[in-house]
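Q: I am new to this structure and would like a close look at a single part of it. Please keep the account plain.
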Amino acid sequence: MKKTIALTTILMAGFSGFAQAKEVASFGKVKITEAEFKKAIEGLGPQAEMVKTNPRIQTQFLNHLIDNTLLSDEAKKAKLDKSAQYEKMVQDARRDILARLYVEKYKSEQTSDSKLKAYFDANKKKFSNKEIRASHILLKEDNKAEAEKVLKDALAGKDFAELAKKHSTGPSKDRGGDLNFFGRGRMVPAFEAAAFDTPKGKVHPKLVKTQFGWHIIKVVDMKGSDNAKFADVKSEVKKAVEGNARADVVKSLRDKAKVKVNEDVLKNIKF
């Protein structure tokens, strides 16, 4: 495992406070108690659950702590803690730890019940169980004129599956364009928006452009609904907010700081 400096600090900080506790390991004058070991695991953050639930990884982690403590003691004897390299590594570790702590603080602030409810209300469709079954006809980007003609035929009621078999360039053409059922987040945004905006049994009235070309979309069936209840999906909402937390706070900070990267200089750096 990584995080050498941070983990050794967590371990050594707790060694003095549990004189009568059960010992997990001892070496020299150092004794690792059960409570200290648990504290060190909690300090792992998101990795903690993996260690808690896997005895093999717990053993690996304990050995990691022992080995790093022994090595750090020897490093101190060699006065490496007085070196410029050590100071630089400590500064880097402090920076990374503080960054992680700030993200954790932001997560905590954003996952109150009121904040989660507000996020849910603003993004309700993300948590629906609605799925649609759609078929599509895909034509290449430079074939817009043909795509418009095929769309006109589809809107006029011509057999969609036959049109797909005849004109589509996509892998679903042999199935009459059938894409089976899919929920939100499965398709590229433009395709998804058009498909979920089309009533059952209808062909979307416009061509839809994506990086794959021009799509003609027909919604064949649908199930589920967009009427999710906050209480039923609260854990999913929290997971989504926490998953986006770092990216959201970093974007806000970068925008505020007006970060600029000189790509010409960056790509010409020689090592």
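At what angle do the axes of helix H7 and helix H8 cross?

A: The model is a predicted one. Helix H7 covers residues 144-155 and helix H8 covers residues 160-167. Their axes come within 10 Å of each other, and the crossing angle is roughly 160°. Angles over 145 degrees count as roughly antiparallel, so H7 is roughly antiparallel to H8. As for handedness, the crossing of H7 and H8 is right-handed.

The residues that make this contact can be listed helix by helix. H7 contributes Glu146, Val150, Asp153 and Ala154. From H8 come Phe160, Leu163 and His167. Sorted by class, the contact between H7 and H8 consists of four nonpolar residues, one polar residue and two charged residues.

The strands can be described in turn. Strand E3, residues 131-139, is joined to strand E6, residues 213-223, by nine bridges. E3 and E6 run antiparallel.

The link from E5 to E6 is a hairpin of two residues.

To return to the part asked about, the axes of H7 and H8 cross at roughly 160°, and the crossing is right-handed.

Terms used. Residues are numbered from 1 along each chain as its sequence is written. This is a predicted model: local features need pLDDT of at least 70, side-chain atom pairs count only at pLDDT 80 or more; totals for chains, interfaces and linings use all residues. Side-chain values use heavy atoms; hydrogens and water are left out. Axes are lines fitted to C-alpha atoms, for helices over the stretch in contact, and angles run from 0 to 180 degrees between N-to-C directions. Helices (H or I, at least four residues) and strands (E, at least two) are DSSP runs, numbered from the N terminus. Angles under 35 degrees count as roughly parallel, over 145 as roughly antiparallel, 65 to 115 as roughly perpendicular and the rest as oblique. A crossing is left-handed if the near helix is turned anticlockwise from the far one by less than a right angle, and right-handed if clockwise. Contact means heavy atoms within 4.5 Å. Ala, Val, Leu, Ile, Met, Phe, Trp, Tyr, Cys and Pro count as nonpolar, Asp, Glu, Lys and Arg as charged, and the others, Gly among them, as polar. Two strands pair if DSSP finds at least two bridges between them.
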